[in-house]
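I keep these notes while reading through a structure for the first time. They go in the order in which I looked things up.

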Amino acid sequence: MQNQQSIQGILSIAALICLAVGWFNLFSPEINHLLSRKVFYVLIGASFFIQAPLLTNKNFVYAMYAAAAICVFGAFIPEDSKLSAVKTVGLLAGIILSLSNRRR
């Protein structure tokens, strides 16, 4: 369990680094776009996937798996598609599930 939490933390930090790289335009526009709009969502989806079995409320496990799948699937939808916003829905769902699962 500790190993899964470590991996989940590393994936989350890597995703945030990808997002920051895109915001601050540290590389070429193509690389910034790839990191902040594709790799970010894949890493967050992987993080949610690893986090799902660790949720204390077992009713949220499948919802977290769904949020993870939506993030990863959404990362590969073309930006000009009407479905491209689905990745943000997956991200928000995963964040809400994660925050609602915290111990009080």
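**Entry 1**

I began with K87, which counts as buried because its relative accessibility is 6%. Buried stands for under 20% relative accessible area, exposed for over 50%, and partly exposed for what lies in between, with a 1.4 Å probe and protein chains only. I note that this is a predicted model, where local features need pLDDT of at least 70 and side-chain atom pairs count only at pLDDT 80 or more, while totals for chains, interfaces and linings use all residues. Residues are numbered from 1 along each chain as its sequence is written, and side-chain values use heavy atoms, with hydrogens and water left out.

Which residue does K87 meet in a salt bridge? The partner is E79, at 3.0 Å from N to O. A salt bridge here is a side-chain nitrogen of Lys or Arg within 4 Å of a carboxyl oxygen of Asp or Glu. I looked up E79 next and found it partly exposed, since its relative accessibility is 34%.

K38 is buried, because its relative accessible area is 19%. The count of salt bridges comes to two.

**Entry 2: The whole chain**

I then stepped back to the chain. I listed four helices and zero strands, in the order α-α-α-α from the N terminus. Helices (H or I, at least four residues) and strands (E, at least two) are DSSP runs, numbered from the N terminus.

How does the radius of gyration agree with that of a compact globule? For 104 residues a compact globule would have a value near 13 Å, and the chain has 14 Å, which agrees. The radius is taken over C-alpha atoms, and the globule rule is 2.2 Å times the number of residues to the power 0.38. Along the principal axes, the C-alpha atoms fill a box of roughly 40 × 30 × 20 Å.

Of the 104 residues, 38% are buried. I also checked contacts, meaning heavy atoms within 4.5 Å. Among contacts with a separation of 6 or more, 57% come from residues 24 or more positions apart.

**Entry 3: The core**

Which residues touch the most other members of the largest nonpolar core? I wrote down F40, I44, F48, M64 and L91, out of 22 residues in this core. Helices α1 (2-24), α2, α3 (61-75) and α4 (86-100) each supply at least two residues of this core. Helix α2 gives the largest share, seven residues. A nonpolar core is a set of buried Ala, Val, Leu, Ile, Met, Phe, Trp, Tyr and Cys residues joined through side-chain atoms within 4.5 Å. In soluble globular proteins, nonpolar side chains tend to be buried together.

I followed M64 further. Leaving out residues up to four places away in sequence, M64 touches F48, Q51, A52, L55, G94, L97 and S98.

V61 lies in helix α3 and is buried, because its relative accessible area is 11%. Beyond four places in sequence, V61 is in contact with A52 and L55.

**Entry 4: S47**

Is S47 buried or exposed? S47 is buried, because its relative accessibility is 1%. S47 belongs to helix α2 (residues 29-51). Apart from neighbours within four places in sequence, S47 is in contact with Q8, L11 and S12.

**Entry 5: The loop between α1 and α2**

N25 lies in this loop. I noted its positive phi of about 50°, although N25 is not a glycine. Most residues other than glycine have a negative phi. N25 is exposed, because its relative accessible area is 53%.

F27 is in the loop between α1 and α2 as well. F27 counts as partly exposed, because its relative accessibility is 48%.
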